[in-house]
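Biologist: I would like to learn how to read a model like this one. Please show it first, then take me through the terms.

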Amino acid sequence: MDTPVTDVPTRPGFHWPALWVALLIMGGGALYPPLMSDAAGRADHSLAMALFWAMSAGFIRGVGFVPRWWLWRGLFSGWSCALGLTVAVCLKALH
């Protein structure tokens with residue numbers, strides 16, 4: 001008896017938008033660290049946290065890994081990468 005096509009797990013491929021976001025955050029933070037500082041030059045921890053969340057989610061989803069547990073899947077999805085980047089842009093615009 002053949003296995004129905006719906007029962008065969010599919011492998012997700014690269015998610016290029018998330019991977020590019022992660023690579024740009026990594027490169028931007030390495031080449032221009034004041035990106036993650038406030039106007040006084042001190043480290044902006046909330047901005048850095050949002051950027052690192054977007055970068056982490058971008059790398060995890062970008063290389064094609066999709067966690068099985070729903071919480072990790074939600075925290076490290078392509079949508080959470082976009083959300084982290086949006087939060088970071090909003091925080092940077094407020095300063």
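Modeller: Start with accessibility: a residue is buried under 20% relative accessible area, exposed over 50%, and partly exposed in between, using a 1.4 Å probe and protein chains only. Here V63 has a relative accessible area of 48%, so V63 is partly exposed. This is a predicted model, in which local features need pLDDT of at least 70, side-chain atom pairs count only at pLDDT 80 or more, and totals for chains, interfaces and linings use all residues. Residues are numbered from 1 along each chain as its sequence is written, and side-chain values use heavy atoms, with hydrogens and water left out.

Biologist: What percentage of the protein chain do buried residues make up?

Modeller: Of the 95 residues in the protein chain, 29% are buried.

Biologist: How many helices and strands does the protein chain have?

Modeller: Helices (H or I, at least four residues) and strands (E, at least two) are DSSP runs, numbered from the N terminus. In this case the protein chain has four helices and zero strands, and the order of its elements from the N terminus is α-α-α-α.

Biologist: Where is V63, and which residues does V63 touch?

Modeller: V63 sits in the loop between α2 and α3 (70–75). A contact means heavy atoms within 4.5 Å. Not counting residues up to four places away in sequence, V63 touches F14, L19 and G58. V63 and H15 are 48 residues apart in sequence, yet their C-alpha atoms are 6.6 Å apart in space. For the protein chain, take the contacts between residues at least 6 apart in sequence: 62% of them join residues at least 24 apart.

Biologist: At what angle do helix α1 and helix α2 pack?

Modeller: Axes are lines fitted to C-alpha atoms, for helices over the stretch in contact, and angles run from 0 to 180 degrees between N-to-C directions. Helix α1 (residues 16–31) and helix α2 (residues 45–62) pack at about 135°, and their axes are 7 Å apart. That makes α1 oblique to α2, given that angles under 35 degrees count as roughly parallel, over 145 as roughly antiparallel, 65 to 115 as roughly perpendicular and the rest as oblique.

Biologist: What is the handedness of the crossing of α1 and α2?

Modeller: A crossing is left-handed if the near helix is turned anticlockwise from the far one by less than a right angle, and right-handed if clockwise. The crossing of α1 and α2 is left-handed. On the α1 side, the contact is made by A18, L19, A22, L23, I25 and M26; on the α2 side, by L51, A54, M55, G58, F59 and G62. By class these are 10 nonpolar, two polar and no charged residues. For the classes, Ala, Val, Leu, Ile, Met, Phe, Trp, Tyr, Cys and Pro count as nonpolar, Asp, Glu, Lys and Arg as charged, and the others, Gly among them, as polar.

Biologist: Is F59 buried or partly exposed?

Modeller: F59, in helix α2, counts as partly exposed because its relative accessibility is 27%. Leaving aside neighbours within four places in sequence, F59 is in contact with L19, A22, L23 and M26.

Biologist: How are α2 and helix α4 oriented?

Modeller: They pack at an angle of about 155°, with axes 8 Å apart, where helix α4 covers residues 78–94. That makes α2 roughly antiparallel to α4, and this crossing is left-handed. Among the residues that meet are A50, L51, W53 and A54 in α2 and G84, L85 and V87 in α4. The classes in this contact are 12 nonpolar, five polar and two charged residues.

Biologist: Is G84 buried or exposed?

Modeller: G84, in helix α4, is buried, because its relative accessible area is 0%. With neighbours within four places in sequence left aside, G84 is in contact with A50, W53 and A54.
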